[in-house]
Number of protein chains: 2
Amino acid sequence: MFIFIMKSVTKKIRNAFLLVCLGLSSHHVFAQHPNLDITSDDVTSMRAAVESNGLFQQAYLAQKAMLDEQILLPVDVPVPKDGGGGYTHERHKKNYQLMYDAGIVYQITQDKRYANYVRDMLLEYAQLYPTLPPHPKRKIGKQNPGKLFWQSLNEAVWLVYTSQAYDLILPSLSAGEKTTIEEGLFRPIAKFLSVDSPETFNKVHNHGTWTTAAVGMTGYVLGELEWVEQALYGLDKSGKGGFLKQLDELFSPQGYYNEGPYYQRYALMPFVVFAKAIQTNQPERKIFEYRDGIVLKAIDTTIQLSYNKLFFPINDAIKSKGIDTIELVNGVAVAYGLTNDAGLLDIAKQQNQILLTGDGLKVAQALDNKLTQPYQFKSVAFGDGNDGKQGALVIMRQNVNGEQAVLFKPAAQGLGHGHFDKLTWQLYDRGEEIVSDYGAARFLNVEAKFGGRYLPENKSWAKQTVAHNTVVVDETSHFNANVKKGNANHPELLFFDKNDHVVMSSAKIDTAYKGVSLKRTMALINLPTKNNEAPELSFVVDVFDVQSKNKHQYDLPVHYKGHLISTNFELDTQLTNLPVLGKDNGYQHLWLKAQAKPKAGLSQITWLNDNGRFYTSSSIMDGDTSIIFSQIGANDPLFNLRNENAFINRKANAKNHTFVSLIEPHGEYNPSKEFTLEAVSKVNKLSHQKIENIDVIEITLTNNKRYILAYNAQQNIKDKHVNRFSFNGSTYQFDGRFKLFDI
Amino acid sequence: MFIFIMKSVTKKIRNAFLLVCLGLSSHHVFAQHPNLDITSDDVTSMRAAVESNGLFQQAYLAQKAMLDEQILLPVDVPVPKDGGGGYTHERHKKNYQLMYDAGIVYQITQDKRYANYVRDMLLEYAQLYPTLPPHPKRKIGKQNPGKLFWQSLNEAVWLVYTSQAYDLILPSLSAGEKTTIEEGLFRPIAKFLSVDSPETFNKVHNHGTWTTAAVGMTGYVLGELEWVEQALYGLDKSGKGGFLKQLDELFSPQGYYNEGPYYQRYALMPFVVFAKAIQTNQPERKIFEYRDGIVLKAIDTTIQLSYNKLFFPINDAIKSKGIDTIELVNGVAVAYGLTNDAGLLDIAKQQNQILLTGDGLKVAQALDNKLTQPYQFKSVAFGDGNDGKQGALVIMRQNVNGEQAVLFKPAAQGLGHGHFDKLTWQLYDRGEEIVSDYGAARFLNVEAKFGGRYLPENKSWAKQTVAHNTVVVDETSHFNANVKKGNANHPELLFFDKNDHVVMSSAKIDTAYKGVSLKRTMALINLPTKNNEAPELSFVVDVFDVQSKNKHQYDLPVHYKGHLISTNFELDTQLTNLPVLGKDNGYQHLWLKAQAKPKAGLSQITWLNDNGRFYTSSSIMDGDTSIIFSQIGANDPLFNLRNENAFINRKANAKNHTFVSLIEPHGEYNPSKEFTLEAVSKVNKLSHQKIENIDVIEITLTNNKRYILAYNAQQNIKDKHVNRFSFNGSTYQFDGRFKLFDI
């Protein structure tokens, strides 16, 4: 006891000194425990809330019931042995969750059984930890090793939770117990993750974020503000590394995380948790205002990057991951706690998970009180890179008989989990994928599937260009599938703009292939109706312009989701034998199911999606472009790949080529109610001309209505640029980037 | 007016005479209109109900709003010209629905505009009908022609609705209008459908039911009780044909309709509608008590033949058809009106559709008052054929972490829409198909897909034996795919029995192939748990015994739904070239994806369904059985087929062979919450022995727990038969058909 007090006093003096140096007040630093993401004020409200009916009480009772079963079982702190998915790995993961949950239930119930459960486990860890060598399953040279886990990343995650659990039960501990736990566990593990692992700690990378968060939060609990300083500014406190640098570098100014939404939601967790702890302990740092509110922007952007509750599956992404992920549940709760933005409650409602925290309680009570407002999904171009100028991820949305979204991806490579899919796109309608991205080739944690890790086919198929909806030159992938080269180059967003009827964007890249320039312009359109009635017809217009001084083969795949209904040209289908389409770069995984060489004019391909709607892709044909129908599955000895379908427009032996297509949702197939409506496209003719710098696309419908979509995708034109062109004897004019003429 | 009264008096005299002859009272026959499926008493309640909040009011307002738009458009009664799907066909269908709806809204609102709308349309029909020759698109020798429609079936459906519409507006008409309409339309059409089309009218067949219902209902409205007599007993009133004979012949004693649930729900409509009209007009006929309540049984059986709201898709079935179909909405409403069975409200709730009838009102009010009780789905063997002894359709159900169902099909052929799939089975779990049936090859009403009719692949694939989960001998289909032969033969149900842990059934057929006897026994099992906790482990046991004096090739396919995860044997997968598996009888549509010849012992194949659960099929291998992995899609020039997967156990060159398999749901794949549980089967060993007449299956789990399932599938054993056998040195005994021993 005495020893502890002495230490504490020493620390206090040092901390006071530090605070003076920093010009920071200390009024929160020595507040009562708990004081991280849950404060003692929160606890007071939570204790009251569990006494009255409501979502919070329900969540609490469910959690407590689960925990009550668990704490009857013996504490198990095994000597680390297994890699990811193995017993000791999973057990240590489970332990931090149990300690965290028990800590909260202790605070709410004030029943010491829960605190003792955490204490006993921590004492075992305190005994074990100092004896541990680096983990036996570590991968030397590949991942920084942990001691409890094979990689230090898991160790940091463990500490983020366990420091909070400790904070929650601190008031229940004797001084001797505190000393044993801190000396045996928290000090060694914080040291191990910081000064003993400078590469990770200082790294401006997601692993670094978990590590700095873990050490910083432990610093708050133990009163080691020096650790917090290091967490914020790097080990040398220069600001070249650390949490703030990570906030500067890892997000774009709009809060987009360069690896894409699947990793964004994962990365989000330590940012939000640590920021909240900083806010609690040192509000004067105004961490949520840092970089113009970057943490809140990152949370909101994560939501924006979803469709029908699932994240857009660009790059290495497990496709079933969505907004109900715990990282975003936490993000939404913290953001709501700060902003009281009622739109967030819409998301919280869909997440259907109440956190047992102060913010969780605020969300629960707001939901109980039906304060929910619809969350507003928007059409946005999220600039990529820390400056927001390294290309962009473009989301276009509209509502035409259901929510529609187009993702257009002139984004940067996105590091090691990025795919070679510059300028690719995806289409969503009525809740479903229509033109899709394969996502990652992986069965997460399924041992039989390559140990649950990324499958070999993730590299041989999923990352390759042909696995996406963008141009492949000479059956090779962008940047020759070289990550380094990919990271060093990015597309350029030429424009993004929108009005009531059109959202449009254009981008280019000259570095994906040597000597080939790729430029794509996409528009999501709803046709004007009389008297401003709800729009009925919608299209995606896709103009992909490829230019080269040399001759190449250009392939433009459309990975469509649904059942092929019809084509307006004859198919030469493989009837008794399926050959493989190619040899490498993903082509070795494609069966060649059918091919065709449509006449010059309009080619039309119609498919039926599970959502009961038809989709027709209408393309301008020059008479020398072939269409290939493929299915994934060749060279797949263990059935690792999903057998999905695509059609590929192929222009061989050409220098320049422009692929012009229009994709149109239409009609309804309702076999349950036995009706089928508008199974046939309404597009009758399509033309494209380049008139000086203006692209002119004329769309003629079967009812003879005609529309002209004109745009100017030159680099660097002025906002008020006036465009003029003559077409079929008439003169047209528009300001800015584009106009849809209803003629 | 005078003329009308005179006629009416004449009729009354004749009718009174008839009634005396029949010993029937007349108190309902001359009740006020309306008096078919909706009575004037119903109307009184409905008028009150639309004044107060509730489901009925909502349904009424929605219906009325729709109708109000329609009646502004000009009446269109075109000269018949088009076949199914064409304009005049669809228009006449739409007209009867509009007249019926307008009739109801007239009764509720008493607003003559609605009655006049029906009147005007009927007057146009009365003018047109007498001028019509047989329909120009009739198919001579194939379908009985109509005049408004290409087949008389549609004409009968039209009249079922239109007679009701007329009944609903009768009070609004002048005598002259009545005469014009009855003389011009109802008398000629009733004559056309009855005395002029005796083959259809007298036919004991679904088309006959629509026709007798149409004529009988028209008879009630026009006071022509003679027509009713003919409808009930056939044109000659001998009882050899007509509605009652149809009730005798077309359903089994349990109310199973021999073509399967997809056609059962369709057939149901005229039975229910006409029975209800009979009940209203002549309650003394006790039609709903006829044949021990066969109409109500048929309604309930239709519900029982569903899983997760969809009908089991045996035979020609569109797979998305389910309990919300209008025929069953009507059936449930009428059944509830008669029985007040609160379990039916559970179904009505899921149907989410309120009828604007007296019964619809009762359902709506009961739902408003929250009287719903859970509907009880049961394990049942539905005897097939009018005597219930022509095989059976067996449904087994249990709840183990979700609702499970096994459909086992030792049923009769089921006429022209039947498939050659004797003894096939299907498995459902957690809302999804696990072992599936292709259903019909058809895109209903999608013109581009073979005019929306049954595709050629319905015959070349969907009906063939290999498209099902049952034994194929020498790559030919049951009965050589001859419908007549199929209809003339049926399997024999050996037994069906159940207890708390096992539902079991066995059946055989010797006529599917010449000289080959097929016998299959299936059990759905949940393993006993300590202290009667909820069961956790469940299995399907499948023993398929094939016997012949000559050598054959025996194929047993499992059409599995999901992604192949692993096999415990090596696969020889086609990597760069997919050959077709066979030449005919469905085999020409299968790509050969991989093959294997597992060692003697246990072969295991695991797949992952979209429901997030793993399924392992464990089979006893003799070292000489090969396994083929196939995908549908060969010889499919227009992409008409779904590319679904199967594995086929193939025993070549054998006289007798017994396929023994165990299918086991296990674990959970949850990539969203990032965990995977029990991805590996718990079955370690499986053995099968035939000890005299007893089949003994031993199941050993990975935790070394052992179970013995013993059964006696001999023909004709006594209920209290005692079975004894020795196994591994112990003696076992059980009564009746089977026992699961926990050893």
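I started with symmetry: chain A superposes on chain B by a rotation of 179 degrees with 0.0 Å of shift along the axis, RMSD 0.2 Å. So the two copies are related as by a two-fold rotation axis. I keep in mind that this is a predicted model.

Which residue of chain A comes closest to the rotation axis? I found Leu578(A), with its C-alpha at 2.3 Å. The same surface serves both copies, as 100% of the contact residues of chain A recur in chain B.

Next I looked up the interface. I have 52 residues of chain A in contact with 52 residues of chain B. Together the chains bury about 4,200 Å², and 55% of that is on carbon and sulfur atoms. I noted three names here: His563(A), Phe639(A) and Glu674(A) supply 16% of the area that chain A buries against chain B, more than any other three residues.

Glu674(A) turned up again, as its side chain meets that of Arg265(B) in a salt bridge (3.3 Å, N to O). How many salt bridges cross the interface? I get six. I also get 29 residue pairs in polar contact, both residues at pLDDT 80 or more.

Then I asked which elements line the side of chain A that touches chain B. Those that each supply at least two residues include α12 (261–281), β16 (577–579) and β20 (625–632). The largest share, four residues, comes from β14(A). By class, I list 26 nonpolar, 16 polar and ten charged residues on this side.

Last, I checked domains: chain A is assigned domain 1 (1–28) and domain 2 (383–742), with C-alpha centres 61 Å apart.

Note on methods:
Residues are numbered from 1 along each chain as its sequence is written. Chains are lettered from A and ligands numbered from 1 in the order in which they are written. This is a predicted model: local features need pLDDT of at least 70, side-chain atom pairs count only at pLDDT 80 or more; totals for chains, interfaces and linings use all residues. Side-chain values use heavy atoms; hydrogens and water are left out. Copies are superposed by least squares on the C-alpha atoms of residues with pLDDT of at least 70 in both. Contact means heavy atoms within 4.5 Å. Domain bounds come from an automatic or database domain assignment. Buried area is the accessible area (1.4 Å probe) that two parts lose on being put together, summed over both. A salt bridge is a side-chain nitrogen of Lys or Arg within 4 Å of a carboxyl oxygen of Asp or Glu. A polar contact is a pair of N or O atoms within 3.5 Å; within protein, one must be able to donate a hydrogen and the other to accept it, and residues adjacent in sequence count only if both atoms are side-chain atoms. Ala, Val, Leu, Ile, Met, Phe, Trp, Tyr, Cys and Pro count as nonpolar, Asp, Glu, Lys and Arg as charged, and the others, Gly among them, as polar.
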